[in-house]
Amino acid sequence: MSNNKLNSKLSLPVIISILLHGILIIALGYKFVSDTGENYGTINGNSIDAIMIDPSVMTEQYQRQLQTKTNQQKADQKSQELLDKQIKELTEKAEAEKAAAEKAAAEKAAAEKAAAEKAAAEKAAAEKAAAEKAAAEKAVAEKAAAEKAAAEKAAAEKAAAEKAAAEKAAAEKAAAEKAAAEKAAAEKAAAEKAAAEKVAAEKAAAEKAAAEKAAAEKAAAEKAAAEKAAAEKAAAEKAAAEKKAKQKAEQAKKDKALNDLLGGLTSGTPSSGGAASRKGVSDGELDKYKSLVQNAISNKFINPPNVYRGKTCELQIQIAPDGLLLNVTSKGGDADLCREALAATKLAVIPKPASSFYNEVKTMNIEFQPK
């Protein structure tokens, strides 16, 4: 880079020297031409004057010109030496200035570098101090935040635990109160149910006893009436038999007398025997007892707004000799009516049948129709 600067500084004086030499040569040539041509001839009107050239003059003139040229060359050489000296001085000055500039630049660069290094060191120290301060502050802030978060977390966990414990205690208390209330309600309901069942059982027993008593009284009355009717019937039959035997004897006496009168022409063998009587219970007595059983079932049957009007259900009932219900089943009819009729039959008090027709009614079919 320094060589290029030196060449650029040297090129300007060389160019100036070349230009000065060129101007000098042009001036000498012009002077030579003017000196040699001024006496060649002159035109005056229509004639031309001849010019005679003396060789000695020419030689002298040449020598003068040559001397002038030599002097000029010496002057040029001296000028060149002076120029070279100036160039050398300029070059040395330029080199000195360059060295001084380079030294100044180096010193400036060193100073700038030192200043930059110092500034960088100070900046690094400041940044390090700031970073350490920020790190310390951050650590303190993080520690404070962590302690605050831990405290808040502990407080939240404590509050949540207390809330959960309170809710659990409240729930357990509510559950205990609810269980106690339900238990009390259940015990009350059970007591009420037991009381109602007891009342119903006592009522049913009373009704059954009353019904059994009424049935027994009725059966006794019916038995007495039946016995009375049987006695009356037997007496009537006996009287009829006696009357019939008397009539038969009288008829036999009359026939005998007639035979005797006719001389035995119209003899015959009279037929004997009477109408056979069926031993057992009459259909009227069975229908009457079945009517009593149906009334007993109707007393326990509930028929709101005559829902089952016109509907029937055939029931098969099995009873004990004292009228106790052993079994009841439905054999056909309206399904809803049969369901209610079965329930009513199980609650009904069946009257005690007479021993004379118990075998006829111990398994009987009743065509039940609500009243």
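Colleague: How many aromatic pairs does the count come to?

Modeller: In this predicted model, the count comes to three aromatic pairs. Among them, Phe301 and Phe368 form an edge-to-face pair, at 5.4 Å centre to centre and with 65° between the planes.

Colleague: Which parts of the chain does that pair link?

Modeller: Distant ones, 67 residues apart: Phe301 sits in the loop between helix H3 (283-300) and strand S3 (313-319), while Phe368 belongs to strand S5 (residues 363-368). Phe301 and Phe368 also form one aromatic cluster together with Tyr308.

Colleague: Are Phe301 and Phe368 buried or exposed?

Modeller: Phe301 and Phe368 are both buried.

Colleague: Switching topic, how many salt bridges does the structure hold?

Modeller: The structure holds six salt bridges, one of them between Lys123 and Glu127, whose closest N and O atoms are 3.9 Å apart.

Colleague: And how are Lys123 and Glu127 placed in helix H2?

Modeller: They are four residues apart in helix H2 (residues 55-262), and therefore separated by about one helical turn. Lys123 is exposed, at a relative accessible area of 53%, whereas Glu127 is partly exposed at 46%.

Colleague: What about Asp336 and Arg339?

Modeller: Asp336 and Arg339 form a salt bridge as well, with the closest N and O atoms 3.1 Å apart, and both lie in helix H4 (residues 335-347), three residues from each other, which is about one turn of the helix.

Colleague: Last one: which residues form the nonpolar patch on the surface?

Modeller: Leu12, Ile16, Leu20 and Ile23 form that patch, with about 410 Å² of accessible area together. Ile16 lies in helix H1 (residues 2-37) and is partly exposed, with a relative accessible area of 42%.

Methods
Residues are numbered from 1 along each chain as its sequence is written. This is a predicted model: local features need pLDDT of at least 70, side-chain atom pairs count only at pLDDT 80 or more; totals for chains, interfaces and linings use all residues. Side-chain values use heavy atoms; hydrogens and water are left out. Patches are made of residues with over 30% relative accessible area and no salt bridge: like charges are joined within 9 Å, nonpolar side chains (Val, Leu, Ile, Met, Phe, Trp, Tyr) within 5 Å. Accessible areas come from the Shrake-Rupley method with a 1.4 Å probe; for residues, only the protein chains shown count as cover. A salt bridge is a side-chain nitrogen of Lys or Arg within 4 Å of a carboxyl oxygen of Asp or Glu. Helices (H or I, at least four residues) and strands (E, at least two) are DSSP runs, numbered from the N terminus. Buried means under 20% relative accessible area, exposed over 50%, partly exposed in between (1.4 Å probe, protein chains only). Rings of Phe, Tyr and Trp (its six-membered ring) pair if their centres lie within 6.5 Å; planes under 30 degrees apart count as stacked, over 60 as edge-to-face and the rest as tilted.
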